[in-house]
Amino acid sequence: MFTLGDIPRRGARLYAKKEALVFGGARLTYARFDQRVNRAANALLNLGCQKGQRIAILSENSGEYLEVYFGAAKAGLALVPLNFRLAPGELVQIVNDAEPIVFLAGDGYESVASIIRQKVRCVRTWISLDNPSEGYVSYEEILRNAPDCDPLVQVDENELAVLMYTGGTTGLPKGVILTHRNLLSATLGMALGWQFNEFDTTCMFLPLFHASIWPVFVCMMVGGKVVLIRRPELGVILQTIQDEKCTHMNAVPTIYNWLLDYPGLDNFDLSSLRLIIYSGSPMPVEILKRCMSKFGNIMAQGYGLTEAAPLVTMLLPHDHVLEGPGSRLLMSAGKESVPVEVMVAGVDGAPLKAGEVGEIAVRGPNITVGYWKREELTKDKIRDGWLYTGDVGRLDEEGYLYLIDRKADMIVTGGENVYPTETENVLYQHPAVHECAVTSAPDRKWGERVQAVVVLKEGAIATEEELIAFSKERLAGYKCPKKIEFWDQIPKTPIGKLLRKDVKKEFWKDMHRNIG
């Protein structure tokens, strides 16, 4: 099995003159990219970093970010990619937990890094990726003083490669241990399943600190090209796909919803796209149908989680059928990826039969070995080699997985279980609804009720009564919203996933305890 550092190393051998990375005005061949990765690795070693130690990075997307990512791997160091949307206090908590000895700050994040600097003791060297700053070492300066030869540090596939903190929709951040074997197993599975090749170009705009970095690994593993965008700006994405003739993009459903409503969408030539992947959260069927109508039969789904590095199942383009018996698969998350086994487990942890609903458990070489400094959590989540995901679903007779929702998001109202995704899918069918989130809210009669928050399309009009009646025509009464609020926007994660937990907090903030 390769290590992460073998991706640019192998690229320089096999595709030396091909473009590997495009970012801003820079266009790097595989040979040139590998040289800069080597300089990054040697620079870190020159600073006194030793194999097995950790380095942290706080930055938006950039070419330098990827150099550090792969450079750390070549040097035998573990990268701690930090979520730049977190508050300084949250970042301090993560840094103190991970104990990196080097901290790299990207353009605009030097001030945040300075706040963190006052409250941590583990970091020995502070590096500015872009702007000269007092008390920071210049990234370009340390690269200039480092050789561009491979450091040739012996790295085992089972060593820690990335310590990726996750929590987003489920609570306080926890460090997920991802080894080189985890990351490369998932990468090979995605390259095979989605048939990436050296002629592919991915438009990469989701944040690199997230598990959504996977298109970079997949494309570079097979000799393709990565076109990197600093942040997901819709006009820039569309222009980039047209100009660079991108063949692939990956995003969350929210971004596809925004793209479909983008003024002037039809003015862009997107004909180069051969594969559009949606992941991160369930795709409302109505939005998926609009995507297929606009882009054609090139949609594919990936279901996964950080702990799976990140892929578990994939729903391929040929599974996307709009009409007839095959259309049921639009509600599916697809079949197992190459290295993964999927089980739906009952409350006792035993496998359930096809059609029965339970907790989704996964195992394979891509699955994390555990959580950083969290032995009890590791024992609770990983049992007999299976990672219990906290997601609820069922398998059919053909092995297709159907996601129902997260256990933590389930609403119990009047003794009945309601899964928010089902209610959201119905609300999305209403022509006035742009975005929606369904969660629980306190209710004197039922304990908790089904509560919806809706963002209307620009210029559209709809009332609470209208949407509730619309839901009741399509759902059992107990699954329908009892109340609906109209908001200007819904809180989201940095990759665009709707944050139900933040919506839920608004309704439970005055209560002594949170039901459900």
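Biologist: Is Thr254 buried or exposed?

Modeller: In this predicted model, Thr254 is found in helix α10. Buried means under 20% relative accessible area. At 8% relative accessibility, Thr254 therefore counts as buried.

Biologist: Which residues is Thr254 in contact with, leaving aside its neighbours within four places in sequence?

Modeller: Contact requires heavy atoms within 4.5 Å. With those sequence neighbours left aside, the partners of Thr254 are Glu435, Lys492, Gly496 and Leu498.

Biologist: At about what angle does helix α10 run to β12?

Modeller: Helix α10 comprises residues 253-260 and lies across two strands, β12 (248-251) and β13 (275-279). Relative to β12, the helix runs at about 115°.

Biologist: Which strands stand at the edges of the open sheet of nine strands?

Modeller: The order in this sheet is β2-β1-β11-β10-β12-β13-β14-β15-β16, with mixed pairing. An edge strand has a single partner strand, so one side of it is left without a neighbour in the sheet. The strands in that position are β2 (26-29) and β16 (335-336).

Biologist: Which residue of β16 is the bridge partner of Met314?

Modeller: Strand β15 (residues 311-315) is joined to β16 by two bridges, and these strands run antiparallel. For Met314, the bridge partner in β16 is Lys335.

Technical notes: Residues numbered from 1 in each chain as written. Predicted model: local features only at pLDDT ≥ 70, side-chain atom pairs only at ≥ 80, totals over all residues. Heavy atoms only, no water. Pairing = 2+ DSSP bridges. Helix = DSSP H or I, 4+ residues; strand = E, 2+ residues; numbered from the N terminus. Axes fitted to C-alpha atoms, helices over the stretch in contact; angles between N-to-C directions. Buried < 20%, exposed > 50% of the residue type's maximum accessible area, 1.4 Å probe, protein only.
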